[in-house]
Amino acid sequence: MQARLGLLPLDISGVSLGRVKRAREEPFDRDAAYMLPTPDTSHVAYERVYEPAEDSFLLLDTLSSATETAFLQTRFGEGYAPLVVEVGPGSGVVIAFVNAQAQALFGSRNVLTAAVDVNGYACKATGETARKAALENATTHGSFLGALQGDLVAPVRDRLVDVLIFNPPYVPTPELPKQPRQADLPALDAKPSFDDDSYMLSLSYAGGRDGMETTDRLIDSLPQVLSTKGCAYILLCAQNKPEQVKQRILGFGEAWKVATVGSSGKQAGWEKLQIIRIWVE
Amino acid sequence: MKVLSLNFLTCAVKACKSSSNSYPLHPKDAELVQDDLEVNAQLLLNLLPRIDWTALSTTATELGFPALPPQAPSVEELQSDEKKLRDLHNLLMETQIMEGKLVCANCGHEYAVREGIANFLLPSHLV
């Protein structure tokens, strides 16, 4: 793991280790501690797809917490079929969990889920993770529509997304990796080179200035992409200046609300993660 | 990708967003597979109001399905007609596009679909 990071093209000066290594440092039987099983991602090639880590697990725990399931169930009551879209799913652990546990999270199996990732291998991994998790939760899962390759929500029609989930590339880096065009990434049937793999991984964590360059673009698109009932869950680290981010969202207008609904790494320091929920009232 | 996805997607080119020609995208040389899934009638009923029926009719015809009625069925109609429900389930939920292209009628760009994954990353000249 460390050797791989050591060869990444950007100087990340150890910053990304917090994001990548934590899950390994803390042996922890998640499924014993929580009732809902974590989706199996053992098929995922972590040399080119972001491996589930503390941030991913914080999203699972937050989305299945009593306060958030109550929020989701009140907001998307009976007679509705919410569309949940995860941007940047990586291994697919989060969206596969949401889909597999639709009954527990939304109180209903009438839930549509989908994902968009810039990395085609992540799309493939996500499809497989979602398929496996649905098989293992045959009586509780929603309907996974598919994963597609793209830049944030560019191909999604306006005002359709009811729940948007984003675990962004949030690590501050001297510069943002080149944002990929069609020709910059290997085709799905090609054998990616080591440089390809490094590039794809860098897209999963490197956030540029304040670690916010990509998240800022996503936040800018929220008024356009969210439905009238829409809400978004976005993960931030302390270096992203969460209070400034919240102020910016409140600036969209009086109807816009934002709250911290999950956090981890309580000790003071830059590793602290939080999840903000954004919604319109 | 399920056929239902096409009802939610449009061309990724910014300049196309405002043109009605960019929606729906048109499948070309599509290879389909059929999954065998249990019908969730309540999901389809809940979904009905959020489906763009005109776009779905276009998609269905272009994929070689029998033409849909010009108007969306009402919830009551769908509830009482098991065949309609089953057909809609088959089209939206069971049919997947595995290979082929999705074409924007406004800019002409063709998005490739491989292994069930549509690639909406743009070439440099369209960004």
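1. A nonpolar core is here a set of buried Ala, Val, Leu, Ile, Met, Phe, Trp, Tyr and Cys residues joined through side-chain atoms within 4.5 Å; buried means under 20% relative accessible area, exposed over 50%, and partly exposed in between (1.4 Å probe, protein chains only). This is a predicted model, in which local features need pLDDT of at least 70 and side-chain atom pairs count only at pLDDT 80 or more, while totals for chains, interfaces and linings use all residues. Residues are numbered from 1 along each chain as its sequence is written, and side-chain values use heavy atoms, with hydrogens and water left out.

2. The largest nonpolar core has 67 residues, of which A:Leu164 and A:Leu222 touch the most other members. The most to this core comes from helix α5 (residues 82–94) of chain B, with five residues; helices are DSSP runs (H or I, at least four residues), numbered from the N terminus.

3. Beyond four places in sequence, A:Leu222 is in contact (heavy atoms within 4.5 Å) with A:Leu164, A:Ala232, A:Ile234, A:Trp256 and A:Ile278.

4. Five aromatic pairs are counted over all chains. Rings of Phe, Tyr and Trp (its six-membered ring) pair if their centres lie within 6.5 Å; planes under 30 degrees apart count as stacked, over 60 as edge-to-face and the rest as tilted. A:Phe252 and A:Trp256 are edge-to-face, at 5.1 Å centre to centre and 80 degrees between the planes. A:Phe252 is partly exposed, at 29% relative accessible area, whereas A:Trp256 is buried, at 12%.

5. A:Phe76, A:Tyr80 and A:Phe106 form one aromatic cluster.

Terms used:
Chains lettered and ligands numbered in written order. Helix = DSSP H or I, 4+ residues; strand = E, 2+ residues; numbered from the N terminus.
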